Amino acid sequence: RNSPQSIELRRSFGIPKDAFVAMFVGRLQLDKGLIEFVEAARIIKQKRRDIVFIVVGAPDPGNKRSVTNSMLNQWKSEGDVIFTGRSEDVPCLMAMSNTITTPTFYREGIPRTLLEAAATSLPLIGTDMPGVREVIRHGENGLLIPTRDSKALADAVETLANDPIKSKSYGAASLS
């Protein structure tokens, strides 16, 4: 997380070197928990400046579950979340993050994002859903939260931000 490349990438997004970064990676679909992610960022921003929320991904035009451009523009103007857009270099972005969150309530298989994050020894936060709970072992390599619960997501991010030792042990457990 403190490689020269990660520090430079953080600087390019205006993120302080010592900030805790919670990241969402994926297509910008409402059923992937994006509204909850943005609301969690809003909750945290009211009290803390040392936690940053980032979304990596783009809307999925033509998909009725996609975030609309007007919603995305609204969120961008509020400034609680950094939106990077689509990225071909997700591993590089993950390297500057402190946790990957998957607040989905969409029934999918195992989210590839969580597997990639686990492989880079990141602690994980995700909803207690099939697929997600196959990767996240609550209290071992991350935290499982209820679906559609932005407060629980904010609390989980804050829990990891407040406890670097727990974060590190969760990340190490993700590798095993």
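Predicted model: local features only at pLDDT ≥ 70, side-chain atom pairs only at ≥ 80, totals over all residues.
Residues are numbered from 1 along each chain as its sequence is written, and side-chain values use heavy atoms, with hydrogens and water left out.

By a nonpolar core I mean a set of buried Ala, Val, Leu, Ile, Met, Phe, Trp, Tyr and Cys residues joined through side-chain atoms within 4.5 Å; buried here is under 20% relative accessible area, exposed is over 50%, and partly exposed lies in between, with a 1.4 Å probe and protein chains only. As background, nonpolar side chains in soluble globular proteins tend to be buried together.

Not counting residues up to four places away in sequence, Phe 53 touches Ala 22, Phe 37, Ala 40, Ala 41, Ile 44, Asp 80, Val 81, Ile 82 and Val 157, contact meaning heavy atoms within 4.5 Å.

Is Ser 150 buried or exposed? Its relative accessible area is 12%, so Ser 150 is buried. The side chain of Ser 150 makes a polar contact with the side chain of Glu 39, at 2.8 Å; a polar contact is a pair of N or O atoms within 3.5 Å, where within protein one must be able to donate a hydrogen and the other to accept it, and residues adjacent in sequence count only if both atoms are side-chain atoms. Leaving out residues up to four places away in sequence, Ser 150 touches Glu 36, Glu 39, Ala 40 and Ile 43.

Moving along, the axes of helix H6 (residues 150-162) and helix H7 (residues 164-175) come within 5 Å and cross at roughly 100°. The axes are lines fitted to C-alpha atoms, for helices over the stretch in contact, with angles from 0 to 180 degrees between N-to-C directions. H6 and H7 are therefore roughly perpendicular to each other, on a scale where under 35 degrees is roughly parallel, over 145 roughly antiparallel, 65 to 115 roughly perpendicular and the rest oblique. The contact is made by Thr 159, Leu 160, Ala 161 and Asn 162 of H6 and by Pro 164, Lys 166, Ser 167 and Tyr 170 of H7.

Within H7 we also find Gly 171, which is buried, with a relative accessible area of 1%. Gly 171 touches Ser 121, Leu 122 and Pro 123, again not counting residues up to four places away in sequence. Ser 121 in turn is found in the loop between helix H5 (112-119) and strand S5 (124-127), and is partly exposed at 28% relative accessible area. Its phi is near 55°, a positive value in a residue other than glycine.

Arg 148, in the loop between S6 and H6, likewise has phi near 55°, positive in a residue other than glycine; at 58% relative accessibility, Arg 148 counts as exposed.

Finally, Pro 130 is found in the loop between S5 and S6. Pro 130 and Glu 108 are 22 residues apart in sequence and 7.5 Å apart in space, C-alpha to C-alpha. Leaving aside neighbours within four places in sequence, Pro 130 is in contact with Arg 107, Glu 108 and Gly 109.

Notes:
Helix = DSSP H or I, 4+ residues; strand = E, 2+ residues; numbered from the N terminus.
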